[in-house]
Amino acid sequence: MERDVSNFSLLVLIVFVMVPFTISYFYQLGLKKDIMWSSIRGALQLFLIGLILTYLFNLRPIVGIPIMLSVMITIATFHARNKGKELPNVFITILTGLIVIEIFVLALWLGFDMVSFTPEEVIPMSGMVIGNSMVAMGLSLERMKSEFGTNQGKILAALSLGATPRQASHITVKRTLNAALIPNIDQLKTIGLVQLPGMMTGLILGGIEPIVAIKYQLVISISIFSSVSISAIIVSLVMYRFFFNQNMQLVDLEQLQK
Amino acid sequence: MSQTIFELKSVYKIVLQDISLKINHNERVMIFGPSGSGKSTLLHLFNRLEDPEQGEIMFRGEPIETYRIPELRKNIGLVLQQPYLFPDTVLDNLKYGPNLFEDWKEEEVQTLLNYVNLPIDYLDKDVDDLSGGEKQRVSLARTLANKPEILLLDEPTSALDDQNIESIEQDLLNLIQSKQLTVVMVTHNLEQAKRLGNKGVYLEGGRIVEQGSLPDMIDHPKTEALKRFTTNY
């Protein structure tokens with residue numbers, strides 16, 4: 001029989017919730033309501049996703065997988081867009097980016113038989129790729145805005161020397177890419193040493209041999225690494241254009257927000 | 001014979017209102033006036049870092065929009081108020097402009113350094129290790145590396161001490177004379193305007209209040225506004 005967590009055991013999780021709750025109570029942090037609400041909301045959300053997944057897993061893969069992927073990509077796009085709402089075409093850039101990444105990753109997974117085309121494998125793994133790409137795109141957008149703000153003088157200097165917008169924003173794009181890639185490189189360096197990655201932990205708990213779990217973890221970790229890189233590149237290489245007008249002039253960030 | 005390089009016809013941009021102005025070949029035009037009168041904006045219009053909201057700018061008799069922007073900016077060099085050097089060495093900064101047009105010649109580096117009075121061993125220095133005055137000199141040399149015909153200077157000495165001001169001014173004078181440059185310079189320093197310029201433009205509240213030849217214009221102002229400005233200076 002598959003291993004399960006009993007309902008009683010789940011109820012005991014309240015003890016874990018009570019720890020931050022008590023801290024908030026004693027130190028009057030004003031977070032009691034937030035702690036309770038986020039715990040209940042989180043639990044309900046997960047159960048709801050559980051029900052949806054059960055439903056989708058029972059559909060034919062060719063129907064269930066595209067539905068779930070579309071929902072995930074749409075939600076992720078809305079979320080990442082918030083980081084750069086004032087920039088034009090940000091929604092379509094992120095949406096296209098996420099679709100391209102998902103197709104690319106899926107093609108590799110399925111093409112080289114790393115993952116089978118079943119909802120049980122494609123959906124959770126795609127979820128991790130899309131989620132990480134969403135975070136990377138949001139961070140790249142934020143970073144790019146701040147780089148354009150702090151380097152305005154240098155960009156102006158480059159333009160005044162005859163640089164095109166692409167040439168003038170080279171340093172800014174480079175720094176944005178660096179900022180997006182370095183944490184991932186670091187994470188990959190210490191993978192398994194500091195903490196066991198989530199998916200591997202899940203598989204081991206589910207009774208899979210550690211060496212098999214590690215293989216899956218490698219597939220997902222490298223896929224995430226690659227998709228995060230693509231995310232940062234797409235955002236950086238597409239979005240920098242919107243900081244300039246057609247006359248190669250720097251657009252005021254405040255003007256963009258209007 | 002004076003050949004008109006720039007002609008502004010009733011130009012409006014942010015604070016600037018109804019600016020009409022002619023700049024001729026070999027003129028050294030000093031733009032001065034109180035803060036917020038649109039001096040820097042006016043300078044940015046000349047190499048199209050900004051465009052007018054209304055009015056027209058002619059460059060060598062043609063609307064400025066007819067020129068390709070990168071080449072126009074290369075030809076009309078701008079030195080910004082802050083040096084804004086690119087992170088790397090002095091040499092990398094000097095090569096930046098010419099490299100954009102695949103026009104860098106290693107043998108010209110000595111001449112460039114001579115213009116701004118910097119020793120050759122500065123080439124490999126990291127720009128972060130330079131003093132304020134040295135940074136401004138590199139910024140000037142970086143613009144000169146593009147071999148501009150017209151030089152726009154936005155208060156290039158405003159952040160420097162008296163000693164540095166004097167020495168950069170001297171370099172500028174030598175440079176302007178030796179290269180026969182047309183210069184448009186924004187300054188808040190009237191003495192500097194008299195030392196470097198042969199034409200003055202006084203801006204106040206976004207309008208040209210008075211223009212004339214230097215140093216006469218500053219020594220004998222015609223309008224009340226300029227009289228007030230020179231008295232309070």
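Modeller: Helices (H or I, at least four residues) and strands (E, at least two) are DSSP runs, numbered from the N terminus. This is a predicted model, where local features need pLDDT of at least 70, side-chain atom pairs count only at pLDDT 80 or more, and totals for chains, interfaces and linings use all residues. Residues are numbered from 1 along each chain as its sequence is written, chains are lettered from A and ligands numbered from 1 in the order in which they are written, and side-chain values use heavy atoms, with hydrogens and water left out.

Biologist: How do I find the gaps?

Modeller: Rolling a probe the size of a water molecule over the atoms shows where empty space is left. On a 1 Å grid over the protein atoms alone, a cavity is a set of points where a 1.4 Å probe fits but cannot get out; a pocket is an open set with protein on both sides within 12 Å along at least five of seven lines; and lining residues have an atom within 4 Å of a point. Points are joined across faces, edges and corners, and a volume is the space filled by probe spheres set on the points.

Biologist: How many cavities of 30 Å³ or more are there in the whole structure?

Modeller: Two. The largest has a volume of about 40 Å³, and its lining includes A:Ala157, A:Ser160, B:Leu78 and B:Arg142. Two or more lining residues come from each of helix H7 (152–160) of chain A, and strand S6 (76–79) and helix H5 (132–144) of chain B. H5(B) gives the largest share, three residues.

Biologist: And the second largest cavity?

Modeller: That one comes to about 30 Å³. B:Val79, B:Gln136, B:Leu140, B:Leu153, B:Pro156, B:Ile168 and B:Leu172 line it, with H5 and helix H6 (162–179) of chain B each supplying at least two. For classes, Ala, Val, Leu, Ile, Met, Phe, Trp, Tyr, Cys and Pro count as nonpolar, Asp, Glu, Lys and Arg as charged, and the others, Gly among them, as polar. Here that makes six nonpolar, one polar and no charged residues.

Biologist: Now the open spaces: which residues lie nearest the centre of the largest pocket?

Modeller: A:Asp4, A:Val5, A:Leu46, A:Leu53 and A:Gly202, out of 34 lining residues. The pocket holds about 1600 Å³ of space. H3(A) brings the largest share of its lining, eleven residues. By class, the lining has 23 nonpolar, six polar and five charged residues.
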